[in-house]
Amino acid sequence: MIPIAFDNSYARLPPRFFAAVAPTPVRAPRLIRLNAPLASQLGLDPDWLKGPEGVAMLSGNDVPAGATPIATAYAGHQFGSFTPQLGDGRAILLGELIDRRGKRHDLQLKGAGPTPFSRRGDGRAALGQVLREYIVSEAMAALGVPTTRALAAALTGETVRRETLLPGALLTRVASSHVRIGTFQFFAARGDVEALRLLADHVIARHYPDCAGEDRYLALLEAVIAAQAGLVAQWLAIGFIHGVMNTDNMSIAGETIDYGPCAFMDAYHPATVFSSIDEHGRYAFGNQPPIARWNLARLAEALLPLLADDQDKAVSIAQDALDRFDAEFQAQLIERFRRKLGLATQEADDFELVRALLDTMQRGEADFTLVFQHLSEEAGQSESADTCRNLFADPTKFDVWESRWRQRLLREPTSAEARRDAMLRVNPLFIPRNHRVEAAIEAAVEHDDLAPFELLLEVLAKPFDAQPGLEDYARPPAVHERVVATFCGT
Ligand code: AMP
Ligand code: MG
């Protein structure tokens, strides 16, 4: 057995932070994917992980030495209503390890069997949701978006009962931590100020060491506001829809976490929703910024006892911090879109230029990803080709916008070639298109064929590079290929 140097700081917090529980062994574990580069980055030996002892760990059949398996406690607002106890119902944290660069990571098994937080759930995960999280979280990492990672996927050799019987699977997830807004809410709801303080100190030491010092809890709140504003700005810049932005699914570290019915938008429309459980569009694409702010208000509420002894004073401190969310988010968003449009300098009208493009895309039902990718190619030429304008239902509307953009580019110091290169580094060609994700899942679930999953992962690992022979992966879905709903599968 190769020892893994676990250092489990969360398990050293008081017992009310978690339940100690080991994974439930599975009948016939089969590793279907190991993320070897990530393993190496974490200082783990990919060959060992692929061997019998590694597979036993990745399937929950053996708990390695040094691990302290726990299910963490948290609460959360789900679609606006508060549940004081949720917790890890189908995930078990094996422990924490420090990577080669000194960064700490959680190693968690998702789908590892029941825990005291499972309520009526079976604690298991279906293969489809494991593959979706694997594909999309790894695509996000390659796109440069803060995210949890997928280290491995394994079949259990057992079935799980959902609407039908499905193959059971586990995902080994790596995260900076699994502390959520809902973790703070858990203790706030119980009036447990001591635990709130311990949790806040844990998070500051782990994620926001610069906040340590005077007014540390306000500094923490401000840091989380900035991190989540930046994260959602990145989602908006690549067309990502999380789908279930409940407070228990928002990471304190500012990583994208808990990929459920998430999806990338094809044609641009801010009201786009895929999630089958989001009937009212609460978590629609364009609603994500105000929802992030709403969630952060719940965090601020939870932190009130730490902000000041006087309740009114605490509320006013929290309110001031929250009031800065909009400006923070706007600044991050405009910066992202400036880069997407090849603008290295700042002008007051830039936001209006972005708005106008998005508006034209919405009316013209243009593909979000391809518009920016084709614009990047065209930025290297003084004359426009037809490729971008042809993405719009009414290309003449785009022509009007494009001449405005070209006027603006005349005031940029960068050469056309440098601009093109810079744009191609932020505007991907390949995103996890829904129809591709669904096809990969279907092949695996229905036919035990993992080839489409493997190929999709390969394409998405290099989202900004032209990949000869794989152009079709950049194509938006044809009408008959469109996926209209994604499912949690829980
Ligand atoms: P999520 O889908 O991540 O928002 O999960 C919401 C809550 O439901 C969390 O507390 C999960 O641990 C719990 N949960 C989801 N699926 C299962 C399952 N199959 N068994 C037990 N608990 C589950
Ligand atoms: Mg969750």
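Guide: Strand β7 (residues 104-110) is largely enclosed by the rest of the structure, because six of its seven residues are buried. Buried here means under 20% relative accessible area, with over 50% called exposed and partly exposed in between (1.4 Å probe, protein chains only). Strands are DSSP runs of E with at least two residues, numbered from the N terminus. Please keep in mind that this is a predicted model, where local features need pLDDT of at least 70, side-chain atom pairs count only at pLDDT 80 or more, and totals for chains, interfaces and linings use all residues. Residues are numbered from 1 along each chain as its sequence is written, chains are lettered from A and ligands numbered from 1 in the order in which they are written, and side-chain values use heavy atoms, leaving out hydrogens and water.

Now to the partners of β7; two strands pair if DSSP finds at least two bridges between them. Strand β6 (residues 91-98) runs antiparallel to β7, joined by seven bridges. In this pairing, Ala 91 faces Lys 110 of β7. The two strands make a hairpin with five residues between them, and Gly 102 in the turn has a positive phi of about 90°.

β7 also pairs with strand β10 (residues 165-175), again in the antiparallel sense, over five bridges. Here Leu 107 is the residue opposite Val 174 in β10.

Definitions and conventions. Helices (H or I, at least four residues) and strands (E, at least two) are DSSP runs, numbered from the N terminus.
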